[in-house]
Amino acid sequence: MQEWIIAMLVISIVLILRDMAKTILAGRKSKKEEEFPLRENHPQKEKVERYAASFQKLADTFYGMPYRKDYLSAGQIDRILKDTNEHMCSQCYHREICWGNEKDSLYRGGEAMIRALEEGDENKVNQIRSEWAEICGKSVQYLETVRERFQKERQNLIWGNRMIESRLAVAQQLTEISKIMEMVARDLYDIAPAEPEIQEEVRKALKKRHVLLKHLWVMDKAEGRRQMFLTMRARSGQCVSVTEVSQILSEICECAMTSAADSRCIVNGEYHTVHFVEDVSYQVIYGVARLTREEEKVSGDNYICRQEEGGKFVMCLSDGMGSGMDACRESEIVVELLEQFLESGFSQETAARMVNSALVLKGGEGMFSTVDICALDLYTGICNFLKAGAASTFIKRDHWVEAISSESLAAGLMQQIDFDTSSRKLYHGDYLIMMTDGVLDALPVDREEETMKEIIMDIPDENPKEVSRGILERVLGYSDYRARDDMTVLVASVLRK
């Protein structure tokens, strides 16, 4: 429970940092702040970097703790035999004979017995019991006591390993927190006033539209996507659309510019800072078709589709183990955590590892779900796929269909999980089709992917909602129109703007 609380605090810190960054970059600033642009050697940047180093140091402390053990130590075996002797042999009149002349044989037999129990080798256990009976008259009771003590020590070992896994999960989260704080420090202060010529050109163009420019800052990312921050107001009594300002910037910068998500829509009579970014090259339209397992009222599948800051369109699909309300609750937690982490600026793999760590921390409740993420860069058309125990994803282009499969385990089963990752370049008119296991499992065994490709090819190119419905209807035809598991089909169409 303590580790789970720590994990939630870590998540809270990330969200607070994100809101702080938004407030500093896009919120209203005092006059002193307006006149003092953020610089590379700003003292607050150094402070955030120190925070990041502190989190990493704390993570290293967790990593330095003992790792999991698969077998009982020699000390634990000694404790089992000592406790058993005190319980069974202290009042026995044969004690001096057994633990005098046969001490070494009995100890080796007891140790071999415990190791056989660890390995689950009942034949060896029975063999040792037979050999023990030749020495000890209470061999049956003695060995049963050894078994009881072994089970207790084994349970302690399991709980100890669980605590170690929890510490490693927290350590991994702290490491990721350190990375995101470093990224915040880098992005937050990597900003400078625009060149005087650009400032003057923008100022004159805005003035013609009754907008007064006070400050113009720019932040050029490594990938070359320009970002601009304009502190401006409209002349008294005027209201100007932010879209109109975007058009002015597009003409001056010779590239399509648009206001960032959650920006103001209107420039009024008060000074405000508005964030503008280079517009994306692609847009996505999506649709979903779902069917709940028969005799269940709630689907165990959950999904999210959203456009993130930085020009990423992300689709996440999760299938909770089993069906009904419990499965729904599990997959809902997965997609909500993924949404929060991705919104906070984590990469999809980092977000998935954080979610896996959170599920491992709650592992005592037997919680695990599939993770299926498609993250499309709307600037380049590159789509990154990440899967953990998820069904295949399909890409349809013109007259062919490609399947992207996964062989990894579901999230929450183990701390060190290997995700299946891959990338594909998508083009105008491509369809991206995600689905849960319940859909593919309804198709002929050993031909699931081939049959699904045939189904997708037969579906006419329509809007994604109709495509998803068509796929689900064709699949139901293979299962006598009975839903033996929850079924979800998520279809996205990629279009060039």
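These legends go with several close-up views of a predicted model. Local features need pLDDT of at least 70, side-chain atom pairs count only at pLDDT 80 or more, and totals for chains, interfaces and linings use all residues. Residues are numbered from 1 along each chain as its sequence is written, and side-chain values use heavy atoms, with hydrogens and water left out.

**View 1. Helices α9 and α10 pack against each other.** Helix α9 covers residues 196-208 and helix α10 covers residues 242-253; helices here are DSSP runs of H or I with at least four residues, strands are runs of E with at least two, and both are numbered from the N terminus. The axes lie 10 Å apart at an angle of about 140°, where axes are lines fitted to C-alpha atoms over the stretch in contact and angles run from 0 to 180 degrees between N-to-C directions. The two helices are therefore oblique to each other (under 35 degrees is roughly parallel, over 145 roughly antiparallel, 65 to 115 roughly perpendicular, and the rest oblique). The crossing of α9 past α10 is right-handed, that is, the near helix is turned clockwise from the far one by less than a right angle. Look for Glu201, Val202, Ala205 and Leu206 of α9, which meet Val245, Ile248, Leu249 and Ile252 of α10; contact means heavy atoms within 4.5 Å. By class, this contact has 7 nonpolar residues, no polar ones and 1 charged (Ala, Val, Leu, Ile, Met, Phe, Trp, Tyr, Cys and Pro count as nonpolar, Asp, Glu, Lys and Arg as charged, and the others, Gly among them, as polar).

**View 2. Helices α14 and α15 form another packed pair.** Here residues 448-458 (α14) and 464-476 (α15) pack at about 135°, with axes 10 Å apart. That angle makes α14 oblique to α15. On the α14 side you will find Met452, Ile455, Ile456 and Asp458, and these meet Ile471, Arg474 and Val475 of α15. The contact comprises 5 nonpolar and 2 charged residues, with no polar ones. As for handedness, α14 passes α15 in a right-handed crossing.

**View 3. The largest nonpolar core has 26 residues.** A nonpolar core is a set of buried Ala, Val, Leu, Ile, Met, Phe, Trp, Tyr and Cys residues joined through side-chain atoms within 4.5 Å; buried means under 20% relative accessible area, exposed over 50%, and partly exposed in between, with a 1.4 Å probe and protein chains only. The residues with the most contacts inside the core are Cys316, Leu338, Phe341, Phe346, Val355, Val371 and Ile373. Elements that each supply at least two core residues include α8 (139-188), α11 (324-343) and β10 (312-319). Leaving out residues up to four places away in sequence, Leu338 touches Cys316, Ala351, Ala352, Val355, Val371 and Ile373. A second, separate core has 24 residues, among them Leu440, Ala442, Val467 and Met487.

**View 4. Ser493 sits in strand β17 (residues 487-496).** With 7% relative accessibility, Ser493 counts as buried. Beyond residues up to four places away in sequence, Ser493 touches Gln283, Val284, Ile285, Asp430, Tyr431 and Pro464.

**View 5. Arg233 belongs to strand β3 (residues 226-234).** Arg233 is partly exposed, because its relative accessibility is 23%. Its contacts, leaving aside neighbours within four places in sequence, include His210, Val211, Leu212, Val267 and Tyr271. Arg233 and Thr273 are 40 residues apart in sequence, with 9.0 Å between their C-alpha atoms.
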